[in-house]
Structures are given as C-alpha cells and as structure tokens.
Amino acid sequence: MRMGFLKACALLAVPVFVLGAFGCAEEVGQNSGYLLQDTELYPEVSAPYEEESKAALARWEESKNNLLTSADVAREVAAELFAYACYNEEYLDRFVYFSDQNGSTEVGLGASEATVQNYKLMVRGTEENPGYKYHYTLKYVDRNSTGLPSAVFSTGNRLRFVSDGNKLYRFNADNIEYIDDDALGDDVLTCTWNIDGGSWGTDDSPVVKRSGQKLTLDEIEQEIIAYAQNGWEAIIHGNINILADDIVESATITEMASGEHTIYTVVMNVDTDVANADETSKAMLMSANSPASDCNWVSREDGGGFTIIYQIWDNGLFKLYGLNETWEGSIIGMSGSIKSTLSVKYSYSARDTDMTEKLAMLEEAKKLNEG
C-alpha cells in the first residue's frame with residue numbers, strides 16, 4: 001500500500017544504528033516506531049510571519065465578493081502565504097516534519113517507481129547555546145525495468161545529526177526496506193545505519209534561529225533567486241519561485257474551524273509555461289533532481305501539470321503541504337518523464353520535538369566508535 005496525494009503518514013521509524021567504521025557492526029538501538037502525536041494540535045510555538053499572514057488573509061476575505069478582483073487576489077495571497085509559511089521555519093524554536101514522496105519514471109523502454117521519505121527535526125538555540133538538527137533521507141526503488149542501475153534512483157540515503165554546538169555526525173544507510181509490522185503498517189521505510197567516517201564530528205553550521213529583521217516579501221524573492229543561482233539548498237519548498245510574476249495560474253482558499261482556531265486549505269495550480277521560463281525555478285528543479293538534466297515541467301494539456309496543496313493554521317504555520325507534478329528531462333543520456341506526488345505533515349509540540357532518545361542514541365554511537 002502506498003500513500004496517496006496529501007495522505008502523509010505521520011508514523012515514523014527510528015532505524016537500527018549500526019557502526020560500519022573499520023568493519024564494526026554493533027547495534028546502538030533496536031528498531032522501534034513512534035507516532036507524531038500532535039499534527040492536529042495548534043502549534044505551541046510563535047509564528048514569526050503571523051502578522052503578515054493574517055494581513056494577506058484579510059485581503060483575501062475583503063476580495064471574495066468582488067468578481068472582478070477575487071481571482072487575482074486569491075492567486076497573490078496563496079503565493080504569499082506559501083512563502084511566509086516556508087520562511088517561518090527559519091525563525092522557529094522547533095519543528096518536525098515527515099515527508100513521503102512517490103515518483104514514477106518513464107525512461108528508455110522501461111519504467112521505475114521509487115519512494116523517498118524524509119524526517120527532519122530542528123531544535124534551534126542561540127549562538128551561545130546552539131541546538132540540534134536530525135534529518136534523514138531514505139529512498140527505495142519499488143520497481144525498475146529501465147535497464148539503468150537502481151542506484152541511479154536511490155542515491156543520498158543518509159542521516160545528518162548536528163550536535164555538540166557545531167559538529168556533524170553523519171550516517172549512511174544500508175538494508176533499506178519497508179517495515180512489516182501490524183502496528184506500524186507497511187508504508188514506512190527503515191534501514192540500518194553505518195557511520196560515515198569522513199563526516200564524523202566534523203565542523204558544520206550551528207543550529208540557531210535566524211537573527212536580524214525578518215525578510216520582507218521582496219527580500220524573500222531575492223533570496224530565493226540568490227540561493228538558486230548559487231546552488232544552495234532552497235528554503236522555499238516545492239523547487240519553485242512561487243513569487244515569480246504570474247507563476248500561479250489559479251488558486252482557491254477555503255477555511256474550516258478547528259476548535260477556537262481556523263485552518264486554511266489552499267490549492268494552487270502552477271502555470272508550467274511560466275515556471276519553465278523562470279530561470280530560478282528551473283535551476284531549483286534540476287538541482288533537486290540531480291543527476292537528471294534538461295528538466296522541464298509538463299503542462300496539464302500534455303498529460304502533466306503542477307499543483308500545490310497546503311494547509312496553514314490561522315497564525316500562518318504549515319499544518320501540511322503536498323505537491324503533484326510531472327516533469328521531463330534526461331537521466332544518464334536517456335530522456336524520460338517523472339510523475340511525482342509529495343505529502344508532508346508538521347508538528348510543533350514539545351513531545352514530538354523531544355531530542356532525548358536521539359541524543360542518547362548518538363552518545364552510544366560515539367562511545368562505540370571511540371572503542
């Protein structure tokens with residue numbers, strides 16, 4: 001059973017940790033499961049862009065009864081809210097998300113299907129007392145008849161653990177498989193981890209909240225462009241400059257009550273012609289899908305399309321987001337097309353972002369590695 005669009009599974013696995021340096025293979029922790037318990041709980045952290053998000057929503061509310069302007073305002077507000085939600089994460093004390101992506105690739109005379117899952121937990125501190133980052137990526141080839149090695153579709157399986165101020169402890173993944181457990185279901189990937197000796201205790205950026213004044217919307221767009229030009233990991237999600245002129249073709253915004261609060265659901269259809277003509281968006285698409293090259297989004301008229309669906313709380317923080325897109329490009333000299341769905345769920349609670357178990361595991365790994 002695979003997850004559908006916007007059906008992100010919040011059930012996660014803590015993989016078995018195995019030390020692979022010098023041929024050692026000692027377990028640090030038993031494979032166990034745990035649940036992101038608070039994805040439906042109103043965030044326990046302040047939203048940096050709450051004021052800006054509420055102002056954008058007020059603009060949308062005011063425009064709803066104006067047939068001449070409501071569609072344009074909805075497009076603008078949808079893009080702004082998405083940008084604010086992404087950049088909220090730069091200034092938060094803590095958050096965690098789990099993402100599940102399923103893609104099918106048609107290349108040459110064959111096809112492949114692959115699953116990518118990410119778990120990212122950030123607990124930020126100050127320059128004097130930095131926090132922690134725990135981020136793993138697992139990829140699994142579900143089917144492959146392309147003639148290309150499965151490794152082409154499943155590179156980069158690793159865990160990046162930043163602790164001890166500014167030290168990176170990286171693990172590489174082996175034996176990736178789906179969990180076979182009645183309690184956990186069969187949608188979650190697990191693995192064994194081996195220490196990456198070349199990136200064990202090396203210097204990394206300290207995990208701190210962004211300092212200084214918040215970026216304005218114009219400054220956010222300029223940073224999106226600069227990050228893409230330099231090949232840096234994007235802060236904006238979706239591998240697209242959502243603030244580019246006319247890149248949102250249409251958008252709808254709906255609201256529903258959640259206790260004393262409101263959840264907003266936004267559906268944005270991206271204009272693939274505009275996206276393909278936007279150098280920033282194209283650069284992000286190719287960077288995120290390396291080793292593919294010559295990438296272009298496929299239009300809805302040609303059997304593709306690009307839709308972003310997301311939910312925010314009334315303070316502007318993401319509750320969830322998802323993408324449904326088709327793009328084409330070349331992989332090792334062979335042209336092909338890729339259909340992909342991504343779904344991501346967030347939590348901001350103290351118990352879902354608790355680092356106690358993970359830090360204990362890291363300390364045990366360090367002791368075994370020193371031995």
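**Close-up views of a predicted model**

**View 1. Cys 191 is a buried residue of this predicted model.** Its relative accessibility is 3%, and buried means under 20% relative accessible area, so Cys 191 falls in the buried class. Cys 86 is likewise buried, with a relative accessible area of 0%. The structure contains zero disulfides.

**View 2. Helices H1 and H2 pack against each other in a roughly antiparallel manner.** Two packed helices are described by the angle between their axes and the distance between the axes. Helix H1 spans residues 50-63 and helix H2 spans residues 70-88. Their axes come within 9 Å and cross at roughly 165 degrees. Angles over 145 degrees count as roughly antiparallel, and H1 and H2 are therefore described in this way. The crossing of the two helices is left-handed.

**View 3. Residues of both helices form the contact between H1 and H2.** On the H1 side, the contact is made by Glu 52, Ser 53, Ala 56, Leu 57, Arg 59, Trp 60 and Ser 63.

**View 4. The protein as a whole comprises six helices and 15 strands.** Of its 371 residues, 54% count as buried. The protein exposes about 16,600 Å², of which carbon and sulfur atoms supply 46%. Among contacts between residues at least 6 apart in sequence, 67% join residues at least 24 apart.

Key
Residues are numbered from 1 along each chain as its sequence is written. This is a predicted model: local features need pLDDT of at least 70, side-chain atom pairs count only at pLDDT 80 or more; totals for chains, interfaces and linings use all residues. Side-chain values use heavy atoms; hydrogens and water are left out. A disulfide is a pair of cysteine sulfur atoms within 2.5 Å. Buried means under 20% relative accessible area, exposed over 50%, partly exposed in between (1.4 Å probe, protein chains only). Helices (H or I, at least four residues) and strands (E, at least two) are DSSP runs, numbered from the N terminus. Contact means heavy atoms within 4.5 Å. Accessible areas come from the Shrake-Rupley method with a 1.4 Å probe; for residues, only the protein chains shown count as cover. Axes are lines fitted to C-alpha atoms, for helices over the stretch in contact, and angles run from 0 to 180 degrees between N-to-C directions. Angles under 35 degrees count as roughly parallel, over 145 as roughly antiparallel, 65 to 115 as roughly perpendicular and the rest as oblique. A crossing is left-handed if the near helix is turned anticlockwise from the far one by less than a right angle, and right-handed if clockwise.
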